[in-house]
Amino acid sequence: MNVLKLRFSAGKVGNAEIGDFLFAQIFKAARYNGHTVYQMDNLGNPNLTWETTSQYNAGIDAELFDSRLNFVADAYFKNTFDLLLEKPAPLGSPVDRQMVNIGNVSNKGIEFGVNAVVINSRKLNWTVSANISRNINTVTGLGGDDELLSGQYNEQILKVGEPFGSFYGLVFDGIVQAGEDISQLPLVNGAKPQPGDVRFVDIRKDGNIDLNDRVVLGSVHPDFIYGLSSSLTCRGFDLFVSCQGSQGNRAVNSLRRNLERATSSYNVSAALLDAWTPENPSGEIPRITAGYQLKFIDSRHVENASYFRLKNITLGHTFKLKSLPSDVRLFVSAQNLFTLTAYRGYDPEIAGGIDTGAYPAAKTFSAGIGWTLH
C-alpha cells in the first residue's frame, strides 16, 4: 500500500521556565564584621512576562513500494518574542544584572527522514534509516539595543542579524617573528608587540588592538546535523549500528586557552614546549612571558567542532531452545566507539559551546543475556 499525507500546523505557546521569584526584589543575609547584614540578591522586575513563541509547520509523509520506503519532510518557522535575558542593571544598582523581556529570535529550518526496508525475506532482514536537518537561528531584535555581551570574558554576543549566542573575539594573525618591521604593527593595549608576541587583525585600522576590534567568530549552531542507523537480522544473528554528527558548529576551547597561558595555570599544556623562541619560530604558540594577557578570546580557541560519531554498535544471537518455552539472546555492545573530529578538546559535543573541560562521552562496552517466554 502506498500512502501520501500532507500536514500543516500553527500555534502559539508561552515559556514559563524563568526561575522562581525573579520578578521580586530579594535580599539575603550575610555576615559583615561580626554583624548580620542584608544584601540585595535580585533586583527584580515587576513587568516580567512569559516568553511567547509562534510556530508554523508544514510537512509531508510518504509510504512507497508497499511501505518499504518511508519518507518524512518538514519545514518550520518559529518566532520567539519577549525573550527572557539578563542585561546590565541600571547604574547605581546594588547588583550587576537584571532579568528582562527583550528582543526577538527566529528559527527556521527543514528536516528530512527516510526509512528503507532494503531486504525483507524469511532468512534475511535489513533496514536502513537516515535523517538530516538544518536550522537557521537569527536574532531579529533586542528591544532597541544593537548588541548584548555575555559570558565570563564577554566571549558571546547577542547581535541583530547573527545567531543567538555567537562567539565574539579578536582575529588571530600569527606570531610576530624576528626581523619583522615592528613599527608597522598595530599597538596592543598601547604597546608595540615584540618578536614572539601574538599578532591580531586591526579590524578598525586605527593602529591599536582593543576590544573594538572584536568580530563574530562563528556560533554553536551547526549548518546541519545528521544521523544514520542500520539493523540487520540473519539466521538468529542481529546487528544494529547507529551514527550521528554535526557540521559547521564551533566551540570555545576555554580549557586549552587556559592551559596554554603559562602565567595563569597551575598545570600547563605540553603545547608550551613548542612556544616561540628565536631558535623555534613557532607560528601559533607565543613566547612565554609574564606580561599582560588579553582577557577576551581570539580565533585561535574558537575551534571547528564538527564531528562524526559511531554512537552504538550491538551484535546479538538468539537461540531457540526446544526443551524450554523461551528464546535466549546473547549480545555484546559498544557505545561511543570512535569520534572523527578536528576539535582539540575532550569532546566536540558541548552544551552551550563553551568547553571548560567537561568530562567527555564515555566509551563503554557491555555484554548480556536475555530471554523471551512464548
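In the predicted model, the charged end of arginine 214 sits over the ring of phenylalanine 296, 5.3 Å from its centre; a charge sits over a ring if NZ of Lys or CZ of Arg is within 6 Å of the ring centre and within 35 degrees of the ring normal. Since the model is predicted, local features need pLDDT of at least 70 and side-chain atom pairs count only at pLDDT 80 or more, whereas totals for chains, interfaces and linings use all residues. Residues are numbered from 1 along each chain as its sequence is written, and side-chain values use heavy atoms, with hydrogens and water left out.

The structure holds two aromatic pairs (rings of Phe, Tyr and Trp, the last by its six-membered ring, with centres within 6.5 Å; planes under 30 degrees apart count as stacked, over 60 as edge-to-face and the rest as tilted). The ring centres of phenylalanine 71 and phenylalanine 112 are 6.3 Å apart and the planes stand at 35°, so this pair is tilted. Because phenylalanine 71 belongs to strand E5 (residues 69-81) and phenylalanine 112 to strand E8 (residues 104-120), the pair ties together parts that are 41 residues apart in sequence. Strands are DSSP runs of E with at least two residues, numbered from the N terminus. Phenylalanine 71 is partly exposed, at a relative accessible area of 32%, and phenylalanine 112 is partly exposed at 36% (buried means under 20%, exposed over 50%, partly exposed in between, with a 1.4 Å probe and protein chains only). Phenylalanine 224 and tyrosine 226 also form a tilted pair, with 6.1 Å from centre to centre and 45° between the planes. Phenylalanine 224 is partly exposed at 30% relative accessibility, as is tyrosine 226 at 26%.

An open sheet of three strands runs in the order E21-E20-E24 with mixed pairing; two strands pair if DSSP finds at least two bridges between them. Strands E21 (302-304) and E24 (354-355) each have a single partner strand and stand at the edges, so one side of each lacks a neighbour in the sheet. Strand E20 (residues 250-253) pairs with E24 in the parallel sense over two bridges, and asparagine 253 stands opposite aspartate 355 in E24.

The largest cavity has a volume of about 30 Å³. Its lining comprises Leu185, Pro186, Val188, Pro193, Val198, Arg199, Phe200 and Ile209. Strand E15 (residues 198-200) gives the most to this lining, with three residues.

Definitions and conventions. Helix = DSSP H or I, 4+ residues; strand = E, 2+ residues; numbered from the N terminus. 1 Å grid on protein atoms, 1.4 Å probe; cavity = no way out; pocket = protein on both sides within 12 Å on 5 of 7 lines; lining within 4 Å. Points joined across faces, edges and corners; volume = space filled by probe spheres on them.
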